Amino acid sequence: RIEMASTRKVRRRIGIVGYGAIGRYLAAEVLKRGEEFELAFAWNRSEAVFDEESCQLKKEHVLRNLSQFEDRHADLIVEVAHPSVVSQWGEVFLKNADFLASSPTALADAD
């Protein structure tokens with residue numbers, strides 16, 4: 001008997017590092033596309049942005065401590081924060097997920 005492969009789509013879990021204008025936009029787009037994507041987390045250096053009335057995220061999406069990102073099981077982590085985040089966290093992110101760095105100047109450092 002031949003079994004049919006499942007046609008169910010697997011949603012990619014996206015983690016967003018940086019919740020400024022670009023991070024907010026990305027989070028909104030991920031949430032809009034719930035059939036394809038799931039927001040694993042959003043993190044920002046300044047946690048106060050998550051306490052503002054304009055913040056559209058549920059508490060479950062907010063990651064307060066970046067060192068706990070692994071607990072959120074992201075498939076893809078998108079950095080839209082600062083080159084120092086790429087330098088400090090990029091290698092660790094890559095051990096756990098695909099990683100998209102939007103701060104390419106971090107790659108200019110010879111080290």
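The model is a predicted one, in which local features need pLDDT of at least 70, side-chain atom pairs count only at pLDDT 80 or more, and totals for chains, interfaces and linings use all residues. Residues are numbered from 1 along each chain as its sequence is written, and side-chain values use heavy atoms, with hydrogens and water left out.

I begin with helix α1, residues 21-32. Helices here are DSSP runs of H or I with at least four residues, strands are runs of E with at least two, and both are numbered from the N terminus. The expected span of a helix is 1.5 Å times one less than its number of residues.

Which residues of α1 are buried? They are G23, A27, E29 and V30, where buried means under 20% relative accessible area, exposed over 50%, and partly exposed in between, with a 1.4 Å probe and protein chains only. These four cover an arc of only 165 degrees around the axis, which puts them on the same side of α1; the arc is that of the directions from the helix axis to the C-beta atoms. The face turned away from the buried side carries the exposed residues A21, Y25 and K32. A21 has a relative accessible area of 67%. Its C-alpha atom is separated by 9.3 Å from that of V80, 59 residues apart along the chain.

I turn to the aromatic rings. The structure holds five aromatic pairs. Rings of Phe, Tyr and Trp (its six-membered ring) pair if their centres lie within 6.5 Å; planes under 30 degrees apart count as stacked, over 60 as edge-to-face and the rest as tilted. The centres of F69 and W89 are 6.2 Å apart and their planes stand at 90 degrees, so this pair is edge-to-face. F69 lies in the loop between β2 (37-43) and β3 (76-79), and W89 in helix α2 (residues 83-94), so the pair ties together parts that are 20 residues apart in sequence. Both F69 and W89 are buried. Together with F93 and F99, they form one aromatic cluster.

Finally, the largest pocket. Among its lining residues, the closest to the centre are W43, R45, A81, H82 and V85. Helix α2 gives the most to this lining, with four residues. A pocket is an open set of points on a 1 Å grid over the protein atoms alone, where a 1.4 Å probe fits, with protein on both sides within 12 Å along at least five of seven lines; lining residues have an atom within 4 Å of a point.
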